[in-house]
Amino acid sequence: QVQLVESGGGLAQAGGSLRLSCAASGRTFNSYAMGWFRQAPGKEREFVTVTSTTGYSTIYADSVKGRFTVSRDNAKNTVYLQMNSLKPEDTAVYYCAAGQYSRNAKGMNYWGKGTLVTVSS
């Protein structure tokens, strides 16, 4: 069992930055790929990024490529999402997930409760 707790969400201005963190419990953190997904009001949950167990491989959604960076620290059981050049359309609840190295949310076994990111124009 893996428990995930996100933090770092909040209000940012367009063009600004935020850094999300996701702390995982359990000893098997480095056995899972770690992903970030988001859900905007009235929309379905969508893929943002995923990083492999080692962090050496990553996949990004086209909408965030070049602006967001995912990283992980297996010694600290933590994955990060650095978000730069934020846009109002980035406003969403951001979820951390653990599972397969895939864009597909169905490949994720564990989910956090989410953290809200609001970007004002």
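Residues are numbered from 1 along each chain as its sequence is written, and side-chain values use heavy atoms, with hydrogens and water left out. Since the model is predicted, local features need pLDDT of at least 70 and side-chain atom pairs count only at pLDDT 80 or more, whereas totals for chains, interfaces and linings use all residues.

The protein chain contains 0 helices and 11 strands, where helices (H or I, at least four residues) and strands (E, at least two) are DSSP runs numbered from the N terminus. Along the sequence, the pattern is accordingly written β-β-β-β-β-β-β-β-β-β-β. The radius of gyration, which is taken over C-alpha atoms, is 13 Å for the protein chain, and this agrees with the value near 14 Å that a compact globule of 121 residues would have; the globule rule is 2.2 Å times the number of residues to the power 0.38. The C-alpha atoms fill a box of roughly 40 × 25 × 25 Å, taken along the principal axes.

Of the 121 residues, 45% count as buried, a term that means under 20% relative accessible area, while exposed means over 50% and partly exposed lies in between (1.4 Å probe, protein chains only). The protein chain exposes about 6300 Å², of which carbon and sulfur atoms supply 45%; these areas come from the Shrake-Rupley method with a 1.4 Å probe, and for residues only the protein chains shown count as cover. Among the contacts with a separation of 6 or more, 56% are made by residues 24 or more positions apart, contact meaning heavy atoms within 4.5 Å.

The largest nonpolar core has 35 residues, of which Leu4, Met34, Trp36, Leu81, Met83 and Tyr94 touch the most other members. The elements giving two or more residues to this core include β3 (18-24), β4 (33-39), β5 (46-51) and β8 (78-83), and the largest share, 5 residues, comes from β9. Such a core is a set of buried Ala, Val, Leu, Ile, Met, Phe, Trp, Tyr and Cys residues joined through side-chain atoms within 4.5 Å.

Leaving aside neighbours within four places in sequence, Leu81 is in contact with residues including Leu18, Leu20, Trp36, Val48, Phe68 and Tyr94. Val48, which lies in strand β5, is buried, with a relative accessible area of 0%. Not counting residues up to four places away in sequence, Val48 touches, among others, Trp36, Ile59, Val64, Phe68, Leu81 and Tyr94. The C-alpha atoms of Val48 and Asp73, 25 residues apart along the chain, are separated by 19 Å.

Asn77 is placed in the loop between β7 and β8 and counts as buried at 19% relative accessibility; its contacts, leaving aside neighbours within four places in sequence, are with Cys22, Ala23, Ala24, Ser25, Gly26 and Phe29. Ser85, in the loop between β8 and β9, is partly exposed, with a relative accessible area of 40%.

Gln1 is found in the segment before β1 (4-7) and counts as exposed at 75% relative accessibility. The C-alpha atoms of Gln1 and Ser25, 24 residues apart along the chain, are separated by 8.3 Å.
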